[in-house]
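Reader: I would like to learn how to read contacts between chains and inside a chain. Could you take me through an example?

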Amino acid sequence: MISDITIGQYYSGTSVLHRLDARVKILLTVLFIVIIFLCKNFLSLALMFALTAVSILLSGVPFRMFFKSLKPILPIILFTAVLNIFYIKKGTELLSFWVITITTGGLATAFFMAVRIICLIMCSSLLTYTTTPTDLTDAIERLLSPLKVLHIQVHTLAMMMTLALRFIPTLIEEIERITNAQKARGADFESGRFMQRVKAMIPVLVPLFVSAFRRAYELSFAMSCRCYHGGEGRTRMKQMKLHLSDGVSFLLFALVLAGVIVLNHFFGKLI
Amino acid sequence: MADIILETKNLTYTYAPKTAGEVTAIRDVSVAIERGTLVGIIGHTGSGKSTLIEHFNGLMRGTSGVVLLDGKDIWENKKEIRSVRFRVGVCFQYPEYQLFEETVYKDVAFGPKNMGLSEEEIDRRVREVLSFVGLEERYLELSPFDLSGGEKRRVAIAGIMAMEPQVLVLDEPCAGLDPIGRATVLSLIQNYQKTTGSTVIIVTHSMEDAALIADRILVMNQARLAFYGTVEEVFSHAGELQSMGLDIPQMMRLYLLLREKGLPVSKTFYTLEQAKKAILACFKKGENA
């Protein structure tokens with residue numbers, strides 16, 4: 001059913017990673033992505049893999065959660081791996097058959113790419129698993145606040161994002177309610193050809209949009225009744241402060257970056 | 001033997017079984033509803049009323065237990081479940097939020113159309129049912145979104161009535177309406193039941209409403225069936241009802257108070273009209289004596 005969809009994916013906990021400042025986590029995630037693309041050989045990749053593994057262990061989020069986030073990406077990983085195996089012709093030839101040639105270089109690259117993608121997914125899931133959606137949007141707002149200079153309404157964008165996240169569960173509930181009501185009138189969502197099924201959604205979508213607009217109006221009235229006037233001069237309930245652990249994690253990432261550069265320089269390049 | 005139209009046997013439904021969020025919404029509910037009665041379902045928020053009615057038309061399927069319609073298990077043939085929904089028409093809370101068509105006519109015709117009826121039959125039903133709920137010809141071509149709250153509610157209820165179900169189930173049909181709207185909807189439901197002779201089940205928070213229109217009352221308490229019987233029978237358990245946190249009708253309370261004081265009110269009463277009669281009778285007796 002629809003209600004099975006996990007939203008925001010937050011996995012509550014009290015680990016070091018949960019307690020890190022959300023801004024720091026976002027920046028470190030970006031940094032992680034940059035570093036992993038700098039990796040040129042298996043040693044530097046292994047270093048990044050170790051960093052991912054340590055972070056996962058520290059987070060206390062169970063492994064099955066990561067497998068779950070990996071599952072939808074699996075076809076892509078396999079697809080790129082297969083392409084790499086068949087198209088890269090480097091190193092010694094292992095197998096040659098008709099137009100297909102498999103080389104050690106191809107296998108190595110395929111493995112390298114797969115590990116890289118897995119690390120990427122793990123790392124970004126780690127961010128969403130350990131940070132609540134509200135903290136995330138809050139952090140994004142602050143990180144983007146320099147854009148105010150360009151007259152971009154960062155606060156408004158962040159508020160819209162927060163509201164959108166807040167209303168996803170509400171709208172899912174609404175969809176279920178309307179679907180039930182239309183089913184009670186004999187609506188059939190399960191059978192028929194594709195176009196018929198799309199048409200069958202109209203009795204659900206129209207009331208859904210109507211109620212979404214109604215909610216939006218009501219919410220905006222409620223907000224203006226409480227004197228909401230945008231981000232100008234607005235203070236915050238939760239102040240974000242950097243702690244020692246934030247500094248330490250930056251330092252750790254700097255060391256890892258240095259390590260990757262050194263490993264890249266002193267050991268051979270794979271790609 | 002009484003003519004039973006809808007019956008549940010040991011019906012139980014558990015949300016999210018075997019997880020931390022396990023909640024049993026209805027537990028072991030067995031009730032037999034006679035053909036042609038108007039049943040009022042009362043109970044606290046979260047007592048399982050709404051879950052129970054979603055079982056009546058097969059929107060939900062009990063974790064255990066069965067629902068019998070005309071003596072046949074509604075889940076006997078899975079593919080037939082849609083036809084069960086035409087025979088047991090359920091109108092949910094705030095049904096105006098399910099309106100979606102361009103015109104009132106089309107919206108009311110949605111149910112009958114899904115039944116695969118002929119154009120003429122649909123036309124007859126839509127016109128009949130709309131005039132029944134007191135909306136004139138001119139409403140037919142209006143957009144349902146342009147109507148007032150009470151009118152929307154009536155259009156939505158008409159949409160269910162147009163399917164001419166054997167059992168009409170309404171969840172809080174008066175919720176959020178003003179007193180005039182409430183009275184209109186209530187008398188509409190009563191009239192519908194009288195003219196069609198079909199079975200009507202109405203979920204309500206208001207004891208007054210239940211006492212006023214229902215033949216029988218079903219009380220749900222903490223996922224279980226607490227009472228099912230005639231209005232007198234159920235309200236004679238006034239003490240227990242109050243301990244469930246349910247109110248009894250004001251006039252019923254008055255009756256109990258008068259009895260407590262030792263006044264000779266003969267018959268139980270629970271509506272204003274009955275109270276007037278009983279108390280006047282009481283005075284008359286006093287004068288004669």
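The dialogue below goes from the interface to the aromatic pairs and then to one threonine.

Author: This is a predicted model, in which local features need pLDDT of at least 70 and side-chain atom pairs count only at pLDDT 80 or more, while totals for chains, interfaces and linings use all residues. Residues are numbered from 1 along each chain as its sequence is written, chains are lettered from A and ligands numbered from 1 in the order in which they are written, and side-chain values use heavy atoms, with hydrogens and water left out.

Reader: What area do chain B and chain A bury between them?

Author: Buried area is the accessible area (1.4 Å probe) that two parts lose on being put together, summed over both. For chain B and chain A this is about 1600 Å², with 61% of it on carbon and sulfur atoms. On the chain B side, B:Tyr97, B:Gln98 and B:Phe100 lose the most area to chain A, together 34% of what that side buries.

Reader: How many salt bridges cross the interface of chain B and chain A?

Author: A salt bridge is a side-chain nitrogen of Lys or Arg within 4 Å of a carboxyl oxygen of Asp or Glu. The rule finds 2 across this interface. A:Arg185 forms a salt bridge with B:Asp107, their closest N and O atoms lying 3.1 Å apart.

Reader: How many aromatic pairs does the whole structure have?

Author: Rings of Phe, Tyr and Trp (its six-membered ring) pair if their centres lie within 6.5 Å; planes under 30 degrees apart are stacked, over 60 edge-to-face, and the rest tilted. Over all chains there are 8 such pairs. A:Phe66 and A:Tyr129 make an edge-to-face pair, 5.4 Å centre to centre with 90° between the planes. A:Phe42, A:Phe111 and A:Phe112 form one aromatic cluster.

Reader: Is A:Phe66 buried or exposed?

Author: Buried means under 20% relative accessible area, exposed over 50%, and partly exposed in between (1.4 Å probe, protein chains only). A:Phe66 has 2%, so this residue is buried. A:Tyr129 also counts as buried, at 2%.

Reader: Which residues does A:Thr179 touch?

Author: Leaving out residues up to four places away in sequence, A:Thr179 touches A:Phe189 and A:Val204. The side chain of A:Thr179 reaches the backbone oxygen of A:Ile175 at 2.5 Å. A:Thr179 is buried, because its relative accessible area is 18%.

Conventions:
A polar contact is a pair of N or O atoms within 3.5 Å; within protein, one must be able to donate a hydrogen and the other to accept it, and residues adjacent in sequence count only if both atoms are side-chain atoms. Contact means heavy atoms within 4.5 Å.
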